[in-house]
Amino acid sequence: MTDTLPLLFQPYSLRGITAKNRIVVAPMCQYASVDGAPTDWHMVHMGRLAMGGAGISFVEETAVEARGRKTYQCAGLWSSNQIPAYRRVTDMIRSFGSVPAIQSGHSGRKGSCHGAMQGWKPLGEGNTTPDQPPWIALAPSPLPDTPAHPLPHAMDRDDIATVLAAFAENARLSLDAGFELLEIHGAHGYLIHQFLSPLSNHRADGYGGDLNGRMRFALEVAETVRKAWPADRALWWRASCVDGKGGVWDLDDTVVLARELKARGVDLIDCSSGGISGDTDMPIVPRTPGYQAGFAEAVRREADIATVAVGEIIEPRQAEAILTEGKADLVAIARELMLDANWPARAARELGIEAWWTCCRQPMPTAWNNANASARSMLNVIKPPRPTMTAM
Ligand SMILES: Cc1cc2nc3c(=O)[nH]c(=O)nc-3n(C[C@H](O)[C@H](O)[C@H](O)COP(=O)(O)O)c2cc1C
(Lines give C-alpha, C1' and ligand atoms only; values in the text may rest on other atoms or scores of the structure.)
Protein backbone atom coordinates (compact mmCIF):
# COMPACT_ATOMS: atom_id res chain seq x y z
CA MET A 1 0.00 0.00 0.00
CA THR A 2 2.70 2.48 1.07
CA ASP A 3 4.77 1.85 -2.09
CA THR A 4 2.10 3.67 -4.08
CA LEU A 5 2.94 6.81 -2.11
CA PRO A 6 5.49 9.33 -3.39
CA LEU A 7 8.95 8.29 -2.16
CA LEU A 8 9.06 11.33 0.14
CA PHE A 9 6.16 9.82 2.10
CA GLN A 10 7.29 6.23 2.21
CA PRO A 11 8.54 5.08 5.63
CA TYR A 12 12.29 4.82 6.12
CA SER A 13 13.92 2.25 8.41
CA LEU A 14 17.45 2.24 9.70
CA ARG A 15 18.44 -0.33 12.31
CA GLY A 16 15.62 -0.38 14.90
CA ILE A 17 13.91 2.87 13.99
CA THR A 18 11.35 3.65 11.35
CA ALA A 19 10.46 7.18 10.34
CA LYS A 20 6.98 7.67 8.87
CA ASN A 21 8.40 9.67 5.94
CA ARG A 22 11.70 10.90 4.53
CA ILE A 23 11.48 14.51 5.61
CA VAL A 24 14.04 15.51 8.25
CA VAL A 25 14.01 18.66 10.36
CA ALA A 26 17.65 19.78 10.04
CA PRO A 27 19.39 20.82 13.27
CA MET A 28 18.98 24.54 13.98
CA CYS A 29 20.80 26.31 16.83
CA GLN A 30 18.42 28.42 18.90
CA TYR A 31 20.65 30.06 21.55
CA ALA A 32 17.81 29.66 24.03
CA SER A 33 19.20 27.01 26.40
CA VAL A 34 19.90 27.44 30.11
CA ASP A 35 23.02 25.62 31.32
CA GLY A 36 22.79 23.54 28.16
CA ALA A 37 19.23 22.36 28.82
CA PRO A 38 16.22 23.07 26.61
CA THR A 39 13.54 25.53 27.72
CA ASP A 40 9.94 26.34 26.83
CA TRP A 41 11.34 27.94 23.67
CA HIS A 42 12.43 24.50 22.50
CA MET A 43 9.08 22.95 23.37
CA VAL A 44 7.33 25.40 21.06
CA HIS A 45 10.03 25.48 18.37
CA MET A 46 10.42 21.69 18.17
CA GLY A 47 6.71 21.19 18.81
CA ARG A 48 5.59 23.12 15.77
CA LEU A 49 8.18 21.33 13.60
CA ALA A 50 7.31 17.84 14.84
CA MET A 51 3.59 18.56 14.64
CA GLY A 52 4.13 19.82 11.09
CA GLY A 53 4.71 16.23 10.00
CA ALA A 54 8.45 15.61 9.47
CA GLY A 55 9.43 11.98 9.99
CA ILE A 56 12.60 12.84 11.92
CA SER A 57 13.07 15.94 14.08
CA PHE A 58 16.59 16.98 15.04
CA VAL A 59 17.19 19.24 17.97
CA GLU A 60 20.06 21.65 17.46
CA GLU A 61 23.77 20.91 17.78
CA THR A 62 24.26 19.80 21.38
CA ALA A 63 27.65 20.16 23.02
CA VAL A 64 29.17 17.09 24.65
CA GLU A 65 30.88 19.22 27.31
CA ALA A 66 30.37 22.75 28.63
CA ARG A 67 33.44 24.18 26.90
CA GLY A 68 32.29 22.56 23.64
CA ARG A 69 29.51 25.15 23.33
CA LYS A 70 29.94 28.27 21.23
CA THR A 71 27.98 30.51 23.59
CA TYR A 72 26.52 30.24 27.07
CA GLN A 73 23.08 29.93 25.42
CA CYS A 74 24.01 26.89 23.30
CA ALA A 75 22.49 23.46 23.91
CA GLY A 76 24.55 20.85 25.72
CA LEU A 77 24.10 17.43 27.26
CA TRP A 78 26.85 16.44 29.63
CA SER A 79 25.05 15.77 32.94
CA SER A 80 22.15 13.64 34.13
CA ASN A 81 20.70 16.84 35.67
CA GLN A 82 19.84 17.97 32.15
CA ILE A 83 17.88 14.82 31.27
CA PRO A 84 14.40 15.80 32.57
CA ALA A 85 14.38 18.92 30.39
CA TYR A 86 15.36 16.88 27.31
CA ARG A 87 12.82 14.17 28.17
CA ARG A 88 10.05 16.74 27.96
CA VAL A 89 11.15 17.57 24.41
CA THR A 90 11.72 13.99 23.19
CA ASP A 91 8.42 12.72 24.66
CA MET A 92 6.62 15.56 22.92
CA ILE A 93 8.31 14.95 19.54
CA ARG A 94 7.51 11.23 19.73
CA SER A 95 3.91 11.87 20.72
CA PHE A 96 3.52 13.86 17.49
CA GLY A 97 4.71 10.84 15.47
CA SER A 98 8.23 12.07 14.70
CA VAL A 99 11.55 10.43 15.61
CA PRO A 100 13.44 12.53 18.20
CA ALA A 101 17.04 12.97 17.06
CA ILE A 102 20.07 14.68 18.58
CA GLN A 103 23.12 16.19 16.89
CA SER A 104 26.15 15.87 19.18
CA GLY A 105 29.16 18.06 18.69
CA HIS A 106 32.00 20.17 20.02
CA SER A 107 32.71 23.73 18.96
CA GLY A 108 36.50 23.53 19.40
CA ARG A 109 38.08 26.87 18.54
CA LYS A 110 34.68 28.39 17.69
CA GLY A 111 33.86 28.31 21.42
CA SER A 112 33.70 31.14 23.95
CA CYS A 113 31.82 33.77 21.98
CA HIS A 114 28.59 35.74 21.90
CA GLY A 115 25.75 34.67 19.63
CA ALA A 116 24.69 35.78 16.17
CA MET A 117 22.93 38.92 17.44
CA GLN A 118 26.30 40.21 18.72
CA GLY A 119 28.17 39.22 15.57
CA TRP A 120 29.85 36.16 17.14
CA LYS A 121 32.21 38.48 19.04
CA PRO A 122 34.56 36.51 21.29
CA LEU A 123 33.75 36.72 25.00
CA GLY A 124 36.29 39.04 26.53
CA GLU A 125 37.00 41.97 28.74
CA GLY A 126 34.28 44.55 28.81
CA ASN A 127 31.68 42.46 27.02
CA THR A 128 30.94 39.71 29.51
CA THR A 129 29.10 39.39 32.78
CA PRO A 130 30.99 38.09 35.84
CA ASP A 131 29.00 34.84 35.86
CA GLN A 132 29.75 34.17 32.18
CA PRO A 133 33.52 34.55 31.85
CA PRO A 134 35.36 33.62 28.64
CA TRP A 135 36.93 30.17 28.53
CA ILE A 136 39.93 28.79 26.67
CA ALA A 137 38.71 26.97 23.59
CA LEU A 138 40.21 23.70 22.34
CA ALA A 139 41.61 23.07 18.86
CA PRO A 140 43.90 20.66 17.06
CA SER A 141 46.47 23.47 16.58
CA PRO A 142 46.98 26.90 18.18
CA LEU A 143 45.28 28.73 15.30
CA PRO A 144 42.42 31.14 16.06
CA ASP A 145 39.08 30.87 14.27
CA THR A 146 39.39 34.49 13.11
CA PRO A 147 42.06 37.11 13.82
CA ALA A 148 39.68 38.55 16.46
CA HIS A 149 39.55 35.28 18.43
CA PRO A 150 42.06 34.44 21.18
CA LEU A 151 44.47 31.58 20.57
CA PRO A 152 42.87 28.22 21.33
CA HIS A 153 44.64 25.56 23.38
CA ALA A 154 46.22 22.89 21.15
CA MET A 155 44.88 19.58 22.41
CA ASP A 156 47.32 17.06 23.85
CA ARG A 157 46.62 13.32 24.16
CA ASP A 158 44.90 13.81 27.54
CA ASP A 159 42.60 16.48 26.06
CA ILE A 160 41.74 14.13 23.19
CA ALA A 161 40.93 11.33 25.66
CA THR A 162 38.78 13.73 27.70
CA VAL A 163 36.76 14.84 24.67
CA LEU A 164 36.31 11.25 23.46
CA ALA A 165 35.00 10.30 26.90
CA ALA A 166 32.62 13.27 26.74
CA PHE A 167 31.25 12.03 23.40
CA ALA A 168 30.67 8.58 24.94
CA GLU A 169 28.93 10.02 28.01
CA ASN A 170 26.80 12.28 25.81
CA ALA A 171 25.66 9.24 23.80
CA ARG A 172 24.64 7.40 26.98
CA LEU A 173 22.80 10.46 28.28
CA SER A 174 21.11 10.95 24.89
CA LEU A 175 19.67 7.46 25.18
CA ASP A 176 18.40 8.16 28.70
CA ALA A 177 16.95 11.44 27.46
CA GLY A 178 14.81 9.56 24.96
CA PHE A 179 16.57 10.25 21.67
CA GLU A 180 16.24 7.50 19.04
CA LEU A 181 18.80 8.71 16.52
CA LEU A 182 22.18 10.35 17.05
CA GLU A 183 24.14 12.37 14.52
CA ILE A 184 27.76 13.36 15.12
CA HIS A 185 28.44 16.91 13.96
CA GLY A 186 31.61 16.53 11.91
CA ALA A 187 31.01 19.64 9.79
CA HIS A 188 30.84 23.44 9.69
CA GLY A 189 34.31 24.21 11.03
CA TYR A 190 33.71 22.74 14.49
CA LEU A 191 36.21 20.58 16.37
CA ILE A 192 36.00 17.43 14.23
CA HIS A 193 36.16 19.40 10.99
CA GLN A 194 39.08 21.39 12.48
CA PHE A 195 41.00 18.11 12.78
CA LEU A 196 40.06 17.04 9.24
CA SER A 197 41.01 20.19 7.36
CA PRO A 198 44.66 21.03 6.69
CA LEU A 199 43.62 24.69 7.08
CA SER A 200 43.11 24.23 10.83
CA ASN A 201 45.17 21.13 11.59
CA HIS A 202 48.93 21.77 11.54
CA ARG A 203 49.81 18.96 13.95
CA ALA A 204 52.99 16.98 13.52
CA ASP A 205 51.84 13.97 15.59
CA GLY A 206 49.60 11.01 14.66
CA TYR A 207 46.49 13.26 14.62
CA GLY A 208 47.77 15.48 11.81
CA GLY A 209 49.75 15.43 8.59
CA ASP A 210 48.34 13.22 5.85
CA LEU A 211 44.67 12.32 5.34
CA ASN A 212 44.90 9.28 7.63
CA GLY A 213 46.38 11.35 10.43
CA ARG A 214 43.79 14.13 10.08
CA MET A 215 40.94 11.59 9.99
CA ARG A 216 42.15 9.80 13.13
CA PHE A 217 40.27 11.95 15.67
CA ALA A 218 37.04 11.79 13.61
CA LEU A 219 37.26 8.01 13.38
CA GLU A 220 37.99 7.67 17.09
CA VAL A 221 34.90 9.77 17.83
CA ALA A 222 32.83 7.50 15.57
CA GLU A 223 34.19 4.33 17.23
CA THR A 224 33.65 5.74 20.71
CA VAL A 225 30.07 6.82 20.07
CA ARG A 226 29.17 3.62 18.23
CA LYS A 227 30.24 1.63 21.31
CA ALA A 228 28.18 3.82 23.64
CA TRP A 229 25.09 4.09 21.39
CA PRO A 230 22.90 0.94 21.15
CA ALA A 231 23.34 -1.34 18.15
CA ASP A 232 19.63 -1.07 17.31
CA ARG A 233 19.80 2.73 16.93
CA ALA A 234 21.09 4.48 13.87
CA LEU A 235 24.20 6.67 13.96
CA TRP A 236 24.52 9.48 11.42
CA TRP A 237 27.39 11.81 10.59
CA ARG A 238 27.12 15.37 9.31
CA ALA A 239 30.02 16.16 7.01
CA SER A 240 31.26 19.31 5.38
CA CYS A 241 31.85 17.58 2.05
CA VAL A 242 34.13 20.45 1.03
CA ASP A 243 35.73 23.20 3.13
CA GLY A 244 34.34 25.72 0.68
CA LYS A 245 34.47 26.38 -3.04
CA GLY A 246 37.93 25.35 -4.22
CA GLY A 247 38.56 24.07 -0.69
CA VAL A 248 41.46 22.08 0.66
CA TRP A 249 39.31 19.35 2.23
CA ASP A 250 37.42 18.11 -0.83
CA LEU A 251 34.78 15.65 -1.97
CA ASP A 252 37.32 12.86 -2.62
CA ASP A 253 38.47 13.18 1.01
CA THR A 254 34.83 12.98 2.14
CA VAL A 255 34.30 9.78 0.16
CA VAL A 256 37.35 8.21 1.84
CA LEU A 257 36.08 9.39 5.24
CA ALA A 258 32.58 8.05 4.54
CA ARG A 259 33.97 4.59 3.71
CA GLU A 260 35.97 4.55 6.94
CA LEU A 261 32.96 5.76 8.95
CA LYS A 262 30.79 3.07 7.41
CA ALA A 263 33.36 0.44 8.44
CA ARG A 264 32.97 1.75 12.01
CA GLY A 265 29.19 1.46 12.09
CA VAL A 266 28.06 4.89 10.89
CA ASP A 267 24.86 4.38 8.90
CA LEU A 268 24.42 7.57 6.94
CA ILE A 269 26.24 10.73 5.85
CA ASP A 270 24.31 14.01 6.08
CA CYS A 271 25.98 16.02 3.33
CA SER A 272 26.64 19.67 4.10
CA SER A 273 29.60 21.96 3.35
CA GLY A 274 31.73 24.88 4.52
CA GLY A 275 32.33 26.48 7.89
CA ILE A 276 36.12 26.48 8.14
CA SER A 277 37.28 30.02 8.71
CA GLY A 278 40.57 31.38 10.02
CA ASP A 279 43.28 32.17 7.56
CA THR A 280 41.19 31.67 4.42
CA ASP A 281 39.03 33.81 2.20
CA MET A 282 37.69 30.77 0.38
CA PRO A 283 34.15 31.41 -0.94
CA ILE A 284 31.29 29.26 0.28
CA VAL A 285 29.55 26.90 -2.12
CA PRO A 286 27.04 29.13 -4.00
CA ARG A 287 23.58 28.90 -2.44
CA THR A 288 21.36 27.70 -5.28
CA PRO A 289 18.40 25.30 -4.97
CA GLY A 290 19.66 21.87 -3.93
CA TYR A 291 23.24 23.16 -3.87
CA GLN A 292 24.55 20.23 -1.81
CA ALA A 293 22.50 17.41 -3.36
CA GLY A 294 25.40 16.64 -5.73
CA PHE A 295 27.59 15.90 -2.70
CA ALA A 296 24.95 13.53 -1.31
CA GLU A 297 24.74 11.77 -4.68
CA ALA A 298 28.52 11.35 -5.01
CA VAL A 299 29.01 10.09 -1.45
CA ARG A 300 26.06 7.68 -1.80
CA ARG A 301 27.45 6.25 -5.03
CA GLU A 302 31.19 6.25 -4.24
CA ALA A 303 31.06 5.19 -0.60
CA ASP A 304 27.96 2.99 -0.92
CA ILE A 305 26.32 4.53 2.12
CA ALA A 306 22.93 6.16 2.72
CA THR A 307 22.89 9.96 2.52
CA VAL A 308 20.77 12.96 3.42
CA ALA A 309 20.59 15.90 1.02
CA VAL A 310 20.25 19.33 2.62
CA GLY A 311 20.44 22.91 1.41
CA GLU A 312 17.79 25.03 -0.29
CA ILE A 313 15.36 22.18 -0.69
CA ILE A 314 12.25 24.26 -1.07
CA GLU A 315 9.74 22.70 -3.43
CA PRO A 316 8.07 19.32 -2.79
CA ARG A 317 8.71 18.16 -6.38
CA GLN A 318 12.36 19.11 -6.02
CA ALA A 319 12.57 17.00 -2.83
CA GLU A 320 10.80 14.05 -4.48
CA ALA A 321 13.13 14.25 -7.50
CA ILE A 322 16.24 14.15 -5.26
CA LEU A 323 14.95 10.85 -3.87
CA THR A 324 13.65 9.28 -7.08
CA GLU A 325 16.84 10.18 -8.97
CA GLY A 326 18.81 8.33 -6.29
CA LYS A 327 20.73 11.35 -5.07
CA ALA A 328 19.85 10.75 -1.42
CA ASP A 329 17.78 8.56 0.87
CA LEU A 330 16.20 11.43 2.81
CA VAL A 331 15.98 15.21 2.56
CA ALA A 332 16.64 17.61 5.44
CA ILE A 333 15.18 21.09 5.57
CA ALA A 334 16.01 24.01 7.86
CA ARG A 335 15.00 27.52 6.71
CA GLU A 336 11.95 26.53 4.67
CA LEU A 337 10.55 24.79 7.76
CA MET A 338 11.16 27.94 9.80
CA LEU A 339 8.95 29.75 7.29
CA ASP A 340 6.40 26.98 7.03
CA ALA A 341 6.45 24.28 9.70
CA ASN A 342 3.54 22.65 7.83
CA TRP A 343 5.70 22.12 4.73
CA PRO A 344 5.23 18.31 4.96
CA ALA A 345 1.45 18.73 4.70
CA ARG A 346 1.83 21.10 1.75
CA ALA A 347 4.23 18.61 0.13
CA ALA A 348 1.77 15.75 0.61
CA ARG A 349 -0.99 17.77 -1.05
CA GLU A 350 1.22 18.92 -3.91
CA LEU A 351 2.46 15.39 -4.53
CA GLY A 352 -1.13 14.20 -4.93
CA ILE A 353 -1.91 12.54 -1.61
CA GLU A 354 -5.62 13.03 -1.30
CA ALA A 355 -5.84 12.67 2.47
CA TRP A 356 -2.75 14.85 2.89
CA TRP A 357 -3.58 15.73 6.50
CA THR A 358 -3.11 12.13 7.59
CA CYS A 359 0.61 12.43 6.71
CA CYS A 360 1.00 14.95 9.49
CA ARG A 361 -0.84 13.17 12.21
CA GLN A 362 0.09 9.71 13.28
CA PRO A 363 -1.61 8.87 16.54
CA MET A 364 0.95 7.34 18.87
CA PRO A 365 -1.21 6.41 21.88
CA THR A 366 1.59 5.18 24.14
CA ALA A 367 3.87 8.10 23.41
CA TRP A 368 0.96 10.49 23.74
CA ASN A 369 0.03 9.03 27.12
CA ASN A 370 3.60 9.21 28.38
CA ALA A 371 4.06 12.78 27.19
CA ASN A 372 0.88 13.84 28.89
CA ALA A 373 1.21 11.93 32.13
CA SER A 374 2.74 14.92 33.86
CA ALA A 375 0.07 17.25 32.46
CA ARG A 376 -2.64 14.97 33.78
CA SER A 377 -1.08 14.71 37.21
CA MET A 378 -0.96 18.51 37.32
CA LEU A 379 -4.64 18.63 36.43
CA ASN A 380 -5.37 16.33 39.33
CA VAL A 381 -3.53 18.68 41.62
CA ILE A 382 -5.28 21.77 40.30
CA LYS A 383 -8.76 20.30 39.97
CA PRO A 384 -10.96 21.46 42.86
CA PRO A 385 -12.60 18.62 44.74
CA ARG A 386 -16.06 17.71 43.45
CA PRO A 387 -18.71 19.21 45.70
CA THR A 388 -20.57 16.49 47.50
CA MET A 389 -24.33 16.53 47.17
CA THR A 390 -26.03 17.02 50.41
CA ALA A 391 -29.75 16.65 50.99
CA MET A 392 -31.52 19.97 51.41
C1 LIG B 1 19.01 29.14 12.37
C2 LIG B 1 19.89 28.02 11.87
C3 LIG B 1 20.60 27.26 12.78
C4 LIG B 1 21.41 26.19 12.34
N5 LIG B 1 22.02 25.38 13.25
C6 LIG B 1 22.66 24.26 12.84
C7 LIG B 1 23.12 23.30 13.77
O8 LIG B 1 22.89 23.38 14.99
N9 LIG B 1 23.80 22.23 13.26
C10 LIG B 1 24.03 22.07 11.93
O11 LIG B 1 24.67 21.10 11.52
N12 LIG B 1 23.55 22.95 11.03
C13 LIG B 1 22.86 24.01 11.46
N14 LIG B 1 22.30 24.86 10.54
C15 LIG B 1 22.37 24.50 9.11
C16 LIG B 1 21.11 23.74 8.70
O17 LIG B 1 20.99 22.52 9.40
C18 LIG B 1 21.09 23.47 7.18
O19 LIG B 1 22.12 22.56 6.88
C20 LIG B 1 21.27 24.71 6.34
O21 LIG B 1 20.49 25.80 6.85
C22 LIG B 1 20.88 24.46 4.89
O23 LIG B 1 19.55 24.02 4.81
P24 LIG B 1 18.33 25.00 4.37
O25 LIG B 1 18.72 25.59 3.05
O26 LIG B 1 17.13 24.12 4.31
O27 LIG B 1 18.21 26.08 5.42
C28 LIG B 1 21.52 25.93 10.96
C29 LIG B 1 20.82 26.73 10.04
C30 LIG B 1 20.00 27.75 10.48
C31 LIG B 1 19.23 28.56 9.47
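The structure is a prediction in which local features need pLDDT of at least 70 and side-chain atom pairs count only at pLDDT 80 or more, while totals for chains, interfaces and linings use all residues. Residues are numbered from 1 along each chain as its sequence is written, and side-chain values use heavy atoms, with hydrogens and water left out.

View 1. A polar contact is a pair of N or O atoms within 3.5 Å. Arginine 335 places a polar side-chain atom 2.6 Å from an oxygen atom of the ligand. For proline 27, a polar backbone atom is 2.9 Å from a ligand oxygen atom. In histidine 185, an N or O atom of the side chain is 3.1 Å from an oxygen atom of the ligand. On its own the ligand has 600 Å² of accessible area, of which the protein covers 82% (Shrake-Rupley method, 1.4 Å probe).

**View 2. The largest pocket.** The ligand sits in the largest pocket, meaning that more than half of its atoms lie within 2 Å of the pocket's grid points. On a 1 Å grid over the protein atoms alone, a pocket is an open set of points with protein on both sides within 12 Å along at least five of seven lines, and lining residues have an atom within 4 Å of a point. The space in this pocket is about 1,100 Å³, a volume being the space filled by probe spheres set on the points, which are joined across faces, edges and corners. Of its 44 lining residues, Pro27, His188, Arg238, Ser272 and Arg287 are the closest to the centre. The lining of the largest pocket comprises 20 nonpolar, 13 polar and 11 charged residues.

**View 3. The largest cavity.** A cavity is a set of grid points where a 1.4 Å probe fits but cannot get out, and the model has 2 cavities of 30 Å³ or more. The largest cavity contains about 60 Å³ of space. Its lining includes His42, Met46, Glu60 and Tyr86. Strand β4 gives the most to this lining, with 3 residues.

**View 4. The second largest cavity.** This cavity has a volume of about 40 Å³. Among the residues that line it are Glu61, Arg69, Lys70 and Cys74. Again β4 gives the most to the lining, with 3 residues. The classes represented are 3 nonpolar, 2 polar and 3 charged.

Note on methods
Polar contact = N/O pair within 3.5 Å; in protein donor to acceptor, adjacent residues only side chain to side chain. Helix = DSSP H or I, 4+ residues; strand = E, 2+ residues; numbered from the N terminus. Nonpolar A, V, L, I, M, F, W, Y, C, P; charged D, E, K, R; others polar.
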